[in-house]
Amino acid sequence: MAARKNSTLCTYGILLTLTFCYSAMATHPSSQAIKGAYFPSGVNFAPSSINTKLFTHIYYAFLIPNNVTFKFEIEHTEALLLVNFTSTLHAKKPPVKTLFSVGGGATYGLPLFSHLASDSWSRSNFIHSSIEVARNFGFDGVDLDWEYPQNPQDMVNLAVLLKEWRVEVEKEAAATGRPPLLLSAAVYYSADMWDSSATGAHAALFDPTSNVSTSYGLGSWIRSGVPRSKLIMGLPLYGKSWQLKDPTSHGIGAPAIGVGPSPDGSGEWTFAEVVKFNRDNKSKVVYDSTTVSMYSVAGTTWIDYDDTTSVKVKIGYARELGLGGYFFWAVNEDYNWRISQRASDLWSL
Ligand SMILES: *[C@@H]1O[C@H](CO)[C@@H](O)[C@H](O)[C@H]1NC(C)=O
Ligand SMILES: *[C@@H]1O[C@H](CO)[C@@H](O)[C@H](O)[C@H]1NC(C)=O
Ligand SMILES: *[C@@H]1O[C@H](CO)[C@@H](O)[C@H](O)[C@H]1NC(C)=O
Ligand SMILES: *[C@@H]1O[C@H](CO)[C@@H](O)[C@H](O)[C@H]1NC(C)=O
């Protein structure tokens, strides 16, 4: 089964990185650590319930431009949500920065971004529209979540897009006297597949058998010249499940019949749901130090995820590497802020 959004296998970031094999890159001027999280719209979770002591940047996910004009067309109901999001989060104590994220799982595999990035008229429409939306609705910045550039030409065009975007953002700031909008992107190392025939660590920090890991992905962006302080590590607040072939063979890489169950049928579990699953089924909970991930087994259900144990190691690694911070998918999936709190505390030590 192909990796779906939210399945963001590996995360690192350009303004931020989702590193499940994802990282994000950040262009953040201050020395304050970036503690980011995506806020998925359309879930039953209000911006007002976010504990803003634990975060510095919250990303509204997602907006998608028109695939012909490459401009945003914001409908009335969405406009109300956007205004509510930014005004609520800016009024919180402490306030957090707000960005809207473009793309996401609904655009997975579509030619939308490949087309957008390849043509100067399209890029210009998109860039100007993104700036207009950000200012109209009170955002501090814009995030790009293109899943994913497929080839070297896409990567070249992505670079052109980011460069032109930066120029326009600076121009707008100079013309209006306002602080420039923040620009970020969730970037990846490999748009790898979610292999359902064997269990796996979907957000492995290390993978001895492949280059699809957080550490490799971050390293590849660092080697290509991105300043470490502009990279942040992606962390999942969700797990993925497999159905084991044989419940007694349950390590990482154990044979599986396919994607396992989950409350919504997708095979994905929020961390809060995993906590409940562990309690209700008295599951066996194992920390795998090779990949730096957790898994739970009950019967033939096998779930891979991160908890405070794996996140502690990952945060230590990110700090050691000199990264700018970290971000989560997604802010509503934690259990009583357990992981968000631990990550925030660890970074401040
Ligand atoms: C744009 O999206 C619509 C609706 O999803 C689709 O039918 C159409 O083929 C797309 N057009 C292009 C140029 O990608
Ligand atoms: C945002 O929406 C919520 C729920 O509808 C509402 O209670 C709150 O007053 C709104 N806040 C702002 C600042 O618009
Ligand atoms: C990982 O990447 C390196 C280059 O950085 C390459 O030499 C090596 O073959 C790759 N390994 C795998 C398993 O893909
Ligand atoms: C485990 O617990 C969940 C509820 O958290 C339940 O839906 C599920 O059926 C239980 N049993 C197994 C074997 O997954």
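Predicted model: local features only at pLDDT ≥ 70, side-chain atom pairs only at ≥ 80, totals over all residues.
Figure 1. The side chain of Ser283 makes a polar contact of 2.8 Å with the side chain of Asn278. When neighbours within four places in sequence are left aside, the residues in contact with Ser283 are Phe277, Asn278, Ser296, Val297 and Ala298.

**Figure 2. The shell of residues around ligand 4.** Five names make up this view, and they are Lys276, Phe277, Asp280, Asn281 and Thr301. Helix H6, which covers residues 271-281, supplies the largest share of this shell, namely four residues. Sorted by class, the shell holds one nonpolar residue, two polar residues and two charged residues.

**Figure 3. The surroundings of ligand 2.** The residues found around ligand 2 are Asn84, Ser87 and Thr88. In the side chain of Asn84, an N or O atom is 2.3 Å from an oxygen atom of ligand 2. On its own, ligand 2 has 360 Å² of accessible area, of which the protein covers 27%.

Figure 4. The peptide bond that joins Glu147 and Tyr148 is cis, and its omega angle is about -10°. Tyr148 has its place in the loop between strand S6 (141-145) and helix H4 (152-176). A cis peptide bond also leads from Trp329 to Ala330, where omega is near 0°. Ala330 is found in the loop that lies between strand S16 (325-329) and helix H8 (338-348).

Figure 5. Phe70 has a phi angle near 65°, which is a positive value in a residue other than glycine. The loop that holds Phe70 lies between strand S4 (57-63) and helix H1 (76-91), and Phe70 counts as buried, with a relative accessibility of 5%. For Asn336, likewise a residue other than glycine, phi is positive and near 50°. Asn336 is found in the loop between S16 and H8. Is Asn336 buried or exposed? Asn336 is exposed, because its relative accessible area is 64% and the cut-off for an exposed residue is over 50%.

Figure 6. A pair of aromatic rings is described by two quantities, the distance of the centres and the angle of the planes. The count of aromatic pairs comes to 27. One of them is formed by Tyr38 and Phe62, a tilted pair with 6.1 Å from centre to centre and 40° between the planes. This pair links distant parts of the chain, since Tyr38 is in strand S3 (residues 34-40) and Phe62 is in strand S4, 24 residues apart. Tyr38 is buried, with a relative accessible area of 0%, and Phe62 is buried as well, with a value of 17%. The rings of Phe39 and Phe45 have centres 6.4 Å apart and planes at 45°, so this pair is tilted. Phe39 is buried, with a relative accessible area of 5%. Ring pairs also build a cluster, and its members include Phe39, Phe45, Phe55, Tyr60, Phe72 and Phe85. Further members of the cluster are Phe100, Phe126, Phe139, Trp165 and Trp337.

**Figure 7. The protein chain as the setting for the close-up views.** The protein chain has eight helices and 16 strands. Of its 349 residues, 56% count as buried. Among the contacts between residues at least 6 apart in sequence, 70% join residues at least 24 apart. The protein chain exposes about 14200 Å², and carbon and sulfur atoms supply 53% of that area.

Conventions
Residues numbered from 1 in each chain as written. Chains lettered and ligands numbered in written order. Heavy atoms only, no water. Near = heavy atom within 4 Å. Polar contact = N/O pair within 3.5 Å; in protein donor to acceptor, adjacent residues only side chain to side chain. Areas by Shrake-Rupley, 256 points an atom, 1.4 Å probe, with all protein chains shown as cover. Helix = DSSP H or I, 4+ residues; strand = E, 2+ residues; numbered from the N terminus. Nonpolar A, V, L, I, M, F, W, Y, C, P; charged D, E, K, R; others polar. Contact = heavy atoms within 4.5 Å. Buried < 20%, exposed > 50% of the residue type's maximum accessible area, 1.4 Å probe, protein only. Phe/Tyr/Trp six-rings, centres within 6.5 Å; stacked < 30°, edge-to-face > 60°.
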